[in-house]
Amino acid sequence: MELPQLKNIQTGIINGLILACSLICASCGLMGAGSYPHAETFEIKAPEAKVIQAVMDYKAKHPESVVPLHSLTDYKKDSNDYWYNIYFYLPETNQIVHCWTRPSGKNETTFAIVGINEGLELGNWRRVNSDFGYFENREILKHLEEKFVNPIQQIALQ
């Protein structure tokens with residue numbers, strides 16, 4: 001076998017191993033895309049602008065869900081920013097919930113739950129799908145879906 005053919009075989013084997021490792025890591029949840037790889041996502045069949053307006057309408061109707069006495073406001077840094085960040089307050093547990101939206105099509109928006117901060121002092125963040133036990137995580141996500149995601153989706157679809 002000639003040397004160039006041997007190098008091509010070695011390159012093919014190395015590339016195959018890299019691809020196999022990447023697929024295994026991705027399927028096991030060991031790597032994810034973006035800054036929020038563990039976020040729990042929901043698809044809302046409405047443009048992002050309608051979903052953001054639905055969030056504002058929800059907060060106007062439920063002022064207790066606005067983070068009190070804090071500089072955490074919903075925002076998008078600029079038009080190039082990928083996510084529109086949203087913060088909700090859970091007064092019954094004194095927790096702040098971080099969410100985001102992003103367009104996932106012309107008339108579809110991804111709404112994600114990222115994490116929960118314990119108390120009003122920042123720095124106590126725990127990520128969903130990562131920092132909670134399986135059963136606790138399922139309960140938290142179910143509660144947040146019922147409290148925020150479903151009502152916001154209903155408002156956005158009106």
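A hairpin of two residues links strand β3 to strand β4, where strands are DSSP runs of E with at least two residues, helices are runs of H or I with at least four, and both are numbered from the N terminus. The model is predicted, with local features requiring pLDDT of at least 70 and side-chain atom pairs pLDDT 80 or more, while totals for chains, interfaces and linings use all residues. Residues are numbered from 1 along each chain as its sequence is written, and side-chain values use heavy atoms, leaving out hydrogens and water.

The two strand pairings, each counted when DSSP finds at least two bridges, are set out here.

| Strands | Sense | Bridges | Bridge pair |
|---|---|---|---|
| β3 and β4 (residues 108-118) | antiparallel | 10 bridges | Gly105 with Glu108 |

Between β2 and β3 the hairpin has four residues, and Asn94 in that turn has a positive phi of about 55°.

Turning to the helices, the axes of α2 (residues 48-61) and α3 (residues 134-156) come within 8 Å and cross at roughly 115°, the axes being lines fitted to C-alpha atoms over the stretch in contact and the angles running from 0 to 180 degrees between N-to-C directions. The crossing is right-handed, a term used when the near helix is turned clockwise from the far one by less than a right angle. Contact, meaning heavy atoms within 4.5 Å, involves Lys50, Val51, Ala54, Val55, Asp57 and Tyr58 of α2 together with Lys147, Phe148, Pro151, Ile152, Ile155 and Ala156 of α3. These residues comprise nine nonpolar, no polar and three charged, with Ala, Val, Leu, Ile, Met, Phe, Trp, Tyr, Cys and Pro counted as nonpolar, Asp, Glu, Lys and Arg as charged, and the others, Gly among them, as polar.
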